[in-house]
Amino acid sequence: MPSHIFTLTASLGADAAPAEVWQQLQASPPAGCTYVPEVFPRTPGLRCEREASARLEAVSGVVGEVYAAHGLLLDDLGVEKLSEWIGDGTDQPGSPAGIHAADTAAQALLLAIDRFRRLGHGADTVKAFTEATLNAPRPV
């Protein structure tokens, strides 16, 4: 199974969670992750290496673990300009363009999930929205 290396932060930086949450992450990061005090100025985060069949699976595993344990959504993979799509291909190690494309898609989805939560929607709504969008028949 391929190993995926990535860095996760919260788009709101240190203000995304109380100091004790960041202290807990520093003391006990998820498996395969190391706490980084400043990924960006005033923005702590996690540097992770996870084995998974796809990059999105590796990222979502860490995001889910941190949210379940601390209520903190790590929604930033360091993609600066989400509107700039760079490259196609796979999200497997060794495909830099594919990895950037996967990180862009994952970060956009994580930001959207945060907005869904703030609007009061749960996983069922997000899943239904995603399935309706992805499974819509294409015009002939």
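**Sheet, disulfide and pockets**

Colleague: How many bridges join strand 1 to strand 3?

Modeller: There are 7 bridges between strand 1 and strand 3 (residues 43-51), and the two run antiparallel. Bear in mind that this is a predicted model, where local features need pLDDT of at least 70, side-chain atom pairs count only at pLDDT 80 or more, and totals for chains, interfaces and linings use all residues. Numbering starts from 1 along each chain as its sequence is written, and side-chain values use heavy atoms, with hydrogens and water left out.

Colleague: What counts as a strand or a helix here, and when do two strands pair?

Modeller: Both are DSSP runs numbered from the N terminus: helices are H or I with at least four residues, strands are E with at least two. Two strands pair if DSSP finds at least two bridges between them.

Colleague: What about strand 2 and strand 3?

Modeller: They pair in the antiparallel sense over 5 bridges. Tyr35 stands opposite Leu46, and Val36 opposite Gly45. Their hairpin has 2 residues between the strands, and Arg42 takes a positive phi there, near 55°.

Colleague: Switching topic: which residues does the disulfide join?

Modeller: Cys33 and Cys48, S to S 2.2 Å (the cut-off is a pair of cysteine sulfur atoms within 2.5 Å). The link is right-handed, with 110° about the S-S bond. Cys33 is in strand 2 and Cys48 in strand 3, so the pair ties together parts 15 residues apart in sequence.

Colleague: Now the pockets. What's the volume of the largest pocket?

Modeller: About 330 Å³. A pocket is an open set of points on a 1 Å grid over the protein atoms alone, where a 1.4 Å probe fits, with protein on both sides within 12 Å along at least five of seven lines; lining residues have an atom within 4 Å of a point. Points are joined across faces, edges and corners, and the volume is the space filled by probe spheres set on them.

Colleague: What lines the largest pocket?

Modeller: 17 residues, with Val63, Leu73, Leu110, Ile113 and Arg117 nearest its centre. Helix 2, helix 3 (96-118) and helix 4 (123-134) are the elements that give two or more residues to that lining.

Colleague: And the second largest pocket, what's its volume?

Modeller: About 210 Å³. Its lining has 13 residues, and Leu12, Leu73, Asp75, Asp114 and Arg118 lie nearest the centre. Helix 3 gives the largest share of that lining, 4 residues.
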